[in-house]
Amino acid sequence: MATVKTHRKAPGLIALFVILAVAPLLAANAFHYDLMIKICLTAIVAVGLNLLVGYAGQVSLGHAAFYAGGAYASALLTQNYEFAPLPAMLTAAVAVGSLAWLVGRPILHLKGHYLSMATLGLGVIAAIVINNEDQITGGPDGLPVAPLSLFGHELSVFGSYEWFGMTITGTQLWYLLAAGALFLAVWLALNLIDSPLGRALRALHGSEIAAQVAGVDTAKYKLRVFVISAVYASVAGSLYAHYSGFITPDIASFGHSIELITIVVLGGMASTYGVILGAAILLLIPQFLTGFQELEMVLFGAILMAVMIFMPRGLVPTIARRFQKEAA
Amino acid sequence: MFSEFFQFSFSGITLGAIYALVALGFTLIYNASHVINFAQGEFLMIGGMGTVVLMDAGAPIYLAIPGAIVMAGIAGVLLHKLAIAPAKNADVVTLIIITIGASIFLRGLAQIFWGKDYHALPAFSDTESLSVGGAVLLTQSLWILGIATLLVVALGLFFTRTALGKALLATSMNKDAASMVGIKTGAILTLAFGIAALLGAVAGVIVAPITFTAYDIGIMLGLKGFIAAAIGGLGSSTGAILGGLLLGLAEAYTAGYISSDYKDAVPFVLILVILFFLPNGLLGSRAVERV
Amino acid sequence: MKTTLKQLAAGAVAALSLGLMAAPALAADTIRIGSFLSVTGPASFLGDPELKTLELYIDKLNEDGGLLGKQVELVHYDDVGDAAKARTFANRLLRQDRVDIIVGGSTTGATMAAVPLIEQAGVPFISLAGAETITTPVKKWVFKTPQSDRQAARRVLIDMKERGITKIGLISGTGGFGASGRNVTKEIAGDMGVEIVADETYNPKDTDVTSQLTRIRGTEGVQAILNFDFGQGPAIVTRNYDQLGIDLPFYQSHGVASDSFLELAGDAANGLRLPASALLVADKLPKSDPQYQVLNRYKNDYEGHYNESVSTFGAYAYDGLQLAIRAIKQAGSTDKAKVRDALESIDGYVGVTGTYRLSADDHMGLDAESFRILEVKDGDWALTQ
């Protein structure tokens, strides 16, 4: 049984690995690496959020709060409490996960739009707290963050490192780290989807009542996946904070939450690889539209509407289905 | 002491009436199609900015206002025809993203053609404020309350007294049954979007003398309207009005009596508390999942 | 199996799309000035006039033969007022467009997010944002043109003291500008002998602040009200202040120093005071004023070309650009270290915002005197003496 599973997952993972490994060949400069790093980190959040939205069918309009939670917790722990970045990141993830568990218990009883509303509310409250407590968080003007260090070795974006006789820039090393983290995130997510939890979630997505009748403890599973998706966001947030070296409350904003859910829906709900593509597209669109200046908003809105109208299941599932039809 | 209380109350009721009108638009569309229309705030923007632009073009105010409201109505109808109706079988989240795309699109258009500046509309009455119980009451607040009440009554009559309104109500209750008795549900849904847009545009015009208007005014007002609608219970018109007023008063009293720093968090704390005890809002009907 | 292959194809498309953004051909014979501004979004009232100013004067410069015999090219991106986007675009300017100098950063958040990258890349950067933290402590490559919010607060408090005001109510927006202004005002008020007896805030998007103002009015001993913020929020505060019939002296910050504020606030603005550069009263200055010429030239150029009134925000970009041009001329090349040194040595450039005296320990170079206290009289700006 176990071997069958690995067979099924392997092609996708190998494809992802190849793409992540080949992508640097397309990077002409540090700016391209920068975009790729951000796509990887955002994709991690999206993969986690997709577990909740795509598989369990529970909408969150407040996930930016968990991302910001990880980012700010990492920044503050390293800066004020002399934590090393790695323990800080883990502490942040535990804290954010516990928070998600606490708030998740009451709000996951809500259904449909009320759950959206409640998660939106939590997200906005988090953003307001970060914005207002400027003595701690630096307020709206933002907070500098120390560079990442692993086991005593500083991994600065600006550094340059010797590795097996090769010189590698800090940005390139960061790409390896971000791509590795994404790969790990995807691998974990795929395993989760194949686990009993994953099957329970899909049953839940179909019909919660049917799942309950079939003996699935829906509340428990929903809460678990909510916490897991929050931890995904937290870790990505921590990495982003150390990578960018400066964070502002913008990352906790309602707009950012909307961006995250858009990535999931655009790429394709319940398609782990789809949401990675979604992240890539949503982060690259603004870079392509820079030449249009004033038209940027109109074009972005139009693209978003068009994709969702003509491909309501999201890009990858729709395209995959079309290919399958042709093959059949 | 009492004058302060009156002052906070006036401010809260005015804000609340605005939120209530936006919430009514959400409710109308939600009832008809179970879509949360994140572009509802843009109808307010079209109402306000449209009036400003038409007046700049030389139209007198009594022509500019209806012109802008009609413009918003058309936008509402187009939104349904071009964006919502073609995606009819889409997931709820997908529909949310479509309306978000539409709101970005409309905002973008407004920014290109109407500019990014804030504008003030003149108040409807020459006397700007009255003194009541030691507090100041803006005459524009009276206009807002009066027109909001009028709209609510008109909407109520429309639903209970006209064939069209009854058809809309029937569609929202059971679409399949409604189409079986010969109601053109597609057209009815378009109508709901149109009416919601008109409501939003009227709200956008009457608040513009107090709040100013600009291409991005719809974001904040739309969000507050959504909260108000959820507090009241999605789908309940009375709930939308109640939710709006509650929200407005809560904001004003918090800013006045407690702390302005966390005033903005109040609506969200409020909704979390309400949903904790009443998972379907104050007056929402229990959602029944079909197995 | 089939799906994963398709997914692979989809992923490859995504990867390829990165390649599409190949670096533009670098024309060797142009001088490239990079810029990232908040042209749209909540801070568009800053970014919009800033970009218009840069475009106008770079065109003029090219018509007059360019700089060091080369044409000047403006490479601009809109950061939408989002710090994370500002950082990305700064990176693009540094790594892909390889600009010679950057003039930009409408807000403090956007500026500070880009600073680490700019410091590392070693490209001279002239920020157009307000907060003191940008140039204090001094950062090697970072300069800025607007006065700091601390200087604005100091200038207001001095004026209050002169009128015998010692107890004030503060009302500020919760955005970056308002929050930073609120903090510096609270920091220095004590030393200057002014007590803040009421301290209220509002969201920059709020449509009504009567509750906060009523609270301030009800506080014992308040002698004046200071509103520290920019955007349309202060216009709402001003109107509510008037509607409530409060008759305490009313102050605004330099964040509202534009004619569009007067249009929004209307008659309610009459009597309020604020610190601002002399641009808004350019035609009312005595001809002997050292800034008279530069102020009127900028005002006429801008208003003649765009048919809209000037704001002091566009002037930050004007001064930033002029400083950059001067430094490049003085350095005789676009060598980044030389241009940076040249910037630091500019002593006495008479700009629109003030007279800049830059040095190794002052990368902003303006003193609080460059602020004049203006008063609104009959719907227009007037100098107080």
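**Stop one: a sheet in chain C**

Select strand β3 (residues 101–104) and strand β4 (residues 125–127), both in chain C, and you'll see them pair in the parallel sense over three bridges. Keep in mind as you look around that this is a predicted model. Which residue is the bridge partner of C:Gly104 in β4(C)? Click on C:Ser127: that's the one.

Now widen the selection. β3 and β4 belong to an open sheet of five strands in chain C, with parallel pairing and the order β2-β1-β3-β4-β5. Check the edges next: β2 (71–78) and β5 (142–144) of chain C are the edge strands, and each of them pairs on one side only. Look along the sheet, too: neighbouring strands are turned by 25° against each other on average, direction ignored.

**Stop two: a helix across the strands**

**Stop three: where chains A and B meet**

The contact takes 36 residues from chain A and 38 residues from chain B. On the chain B side, pick out α4 (92–114) and α11 (266–277), which each supply at least two residues. Which element gives the most to the side of chain B that touches chain A? Colour α4(B), with its 15 residues.

Conventions:
Residues are numbered from 1 along each chain as its sequence is written. Chains are lettered from A and ligands numbered from 1 in the order in which they are written. This is a predicted model: local features need pLDDT of at least 70, side-chain atom pairs count only at pLDDT 80 or more; totals for chains, interfaces and linings use all residues. Two strands pair if DSSP finds at least two bridges between them. Helices (H or I, at least four residues) and strands (E, at least two) are DSSP runs, numbered from the N terminus. Axes are lines fitted to C-alpha atoms, for helices over the stretch in contact, and angles run from 0 to 180 degrees between N-to-C directions. Two residues are in contact if their C-beta atoms, placed from the backbone, lie within 7 Å.
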